Amino acid sequence: MPHDHHDHDHLSASGHPYRKDNDGQLTYWQTMEIAIRELMVEKGELTPAQIQAQIDAMDDRSPANGAAVVARAWTDPDFKKRLLANGSDAAREMGFDIGPMHLVAVENTIDTHNLIVCTLCSCYPRNLLGLPPDWYKTREYRSRAVREPRAVLREFGVDLPANITLRVHDSTADMRYIVLPARPEGTDEMTAEQLAELVTRDSMIGTGLPKSP
Amino acid sequence: MENPEHRWHDMGGDAAGPVPMDGHDFAIWEKRVDALVILGQQRGHFTVDGLRRALEDMGEQAFESMTYYERWVASLNQNLIEAGVYSLEELGTKMEEIKARGDTYGAVQS
Amino acid sequence: MTLTPGSTVRIKTMSPLGHIRTPHYLRGKTGVVERVLGPFKNPEQLAYMVPAPTRTLYRVRFEMGHIWPNAEAPQDTLDAEIYEHWIDQNAP
């Protein structure tokens, strides 16, 4: 396992510090993870290569995948229709391996804004966007996003006008949600690739808006 | 005991403070837990609902005192034990063997 | 149960102890079916690795002002996925 060491002492590409878990004092729960992994390999349940391949597959998923879907919807009206009718099929059509995930896209318009939360756990469209941000999993977000969503949005810097209807989506069961943000003004000449650069992770959760060109 | 009619994890609408915005990148042991959870489901040993059930039954104290992936590995273990993939005797023996290898996560990998 | 988009539904108030996916804050509340998602295995059974027959899953839309009396914007909405056995068939 050559990559266990030495990646804790610098910042990642996203600018967050790595947790100092790898070379700190071995914890009970880390020991349990190693034990489960080794037992499953010894029993022929899994191979180390399968485990690494699963890690690699998840590492390959990122908000850039969702941004590409959004930019395509902004530039291809027929694709947008298919996305809103069946998010999973549309994502697969673009070549993204989202596994068995049932994806629902909800569209922001001139008079509607959408916000995604999971109050019961922390369901997230991870098979498209990768692992969720830490705040999405907190008690504070899970508790308040359904009761005072406009106050939560203000904490994220989004002050929603009173004449906009806010639709909050609680991911309580089998669906996973992605917000299709409204295309920013002044982007008529931009290509889908350029547009994708404007689409942030938070704009696809509904706690943010796309960047301006 | 918690209120059985309004369980601790069912927190939609509860009062809470500002959303903490700080984040972290995932450590390799956390990514491995994530992978084992996915692969264990693919092997048919448990469902995502079984994982959630175990997390919920761990109680609010676990939510407050353990990190996300610490709770997940505990739930993964609970589900694998229930599925008969390995025994507690095997787990305990293996964990002791691992601890004897060294003091850090990196040092004890086989 | 034959519900279609637009059907008015009330969520049951029961609270069986176990793994359930109907949030407490929606129990006893009235909403409108937004769409029919189709049959999905019942998570209340899946959680215990016992046979899990399918249940029709609905997306139900509630008005914030109905759920929360002090809502900042009562016309805002809350959508959640609700399995058919959580819909009270005796309610108007």
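Strands are DSSP runs of type E with at least two residues, numbered from the N terminus. By that rule, A:Val168 belongs to strand β3 of chain A, residues 165-170. The model is predicted.

**Chain B with chain A**

- On the chain B side 65 residues are in contact with chain A, and on the chain A side 63 residues are in contact with chain B.
- The size of an interface is often given as the accessible area lost when the parts come together.
- For chain B and chain A, the buried area is about 6100 Å², with 62% of it on carbon and sulfur atoms.
- There are 9 salt bridges between chain B and chain A. In one salt bridge, the side chains of B:Lys31 and A:Asp59 come together with N and O 2.9 Å apart.
- Polar contacts link 22 residue pairs between chain B and chain A, counting pairs with both residues at pLDDT 80 or more.
- On the side of chain B that touches chain A, the elements giving two or more residues are α1 (28-42), α3 (60-65), α4 (68-83) and α5 (88-99) of chain B. Of these, α1(B) gives the most, with 12 residues.
- By residue class, this side of chain B has 32 nonpolar, 15 polar and 18 charged residues.

**Chain C with chain B**

- Here 16 residues of chain C are in contact with 17 residues of chain B.
- Chain C and chain B bury about 1300 Å² between them, and 55% of that area is on carbon and sulfur atoms.
- The count of salt bridges between chain C and chain B is 1. C:Arg27 and B:Asp10 form a salt bridge, with their closest N and O atoms 3.4 Å apart.
- Residue pairs in polar contact between chain C and chain B number 9, both residues being at pLDDT 80 or more.
- The side of chain C that touches chain B is made up of 9 nonpolar, 5 polar and 2 charged residues.

- Chain A is assigned domain 1 (28-60) and domain 2 (63-205). The C-alpha centres of these two domains of chain A are 31 Å apart.
- A:Val168 counts as buried because its relative accessibility is 0%.
- Beyond its neighbours within four places in sequence, A:Val168 is in contact with A:Leu115, A:Val117, A:Ala145, A:Val146 and A:Pro149, and also with C:Met64, C:Thr77, C:Leu78 and C:Asp79.
- From A:Val168 to A:Met40 is 128 residues in sequence and 41 Å in space, C-alpha to C-alpha.

Conventions
Residues are numbered from 1 along each chain as its sequence is written. Chains are lettered from A and ligands numbered from 1 in the order in which they are written. This is a predicted model: local features need pLDDT of at least 70, side-chain atom pairs count only at pLDDT 80 or more; totals for chains, interfaces and linings use all residues. Side-chain values use heavy atoms; hydrogens and water are left out. Contact means heavy atoms within 4.5 Å. Buried area is the accessible area (1.4 Å probe) that two parts lose on being put together, summed over both. A salt bridge is a side-chain nitrogen of Lys or Arg within 4 Å of a carboxyl oxygen of Asp or Glu. A polar contact is a pair of N or O atoms within 3.5 Å; within protein, one must be able to donate a hydrogen and the other to accept it, and residues adjacent in sequence count only if both atoms are side-chain atoms. Helices (H or I, at least four residues) and strands (E, at least two) are DSSP runs, numbered from the N terminus. Ala, Val, Leu, Ile, Met, Phe, Trp, Tyr, Cys and Pro count as nonpolar, Asp, Glu, Lys and Arg as charged, and the others, Gly among them, as polar. Domain bounds come from an automatic or database domain assignment. Buried means under 20% relative accessible area, exposed over 50%, partly exposed in between (1.4 Å probe, protein chains only).
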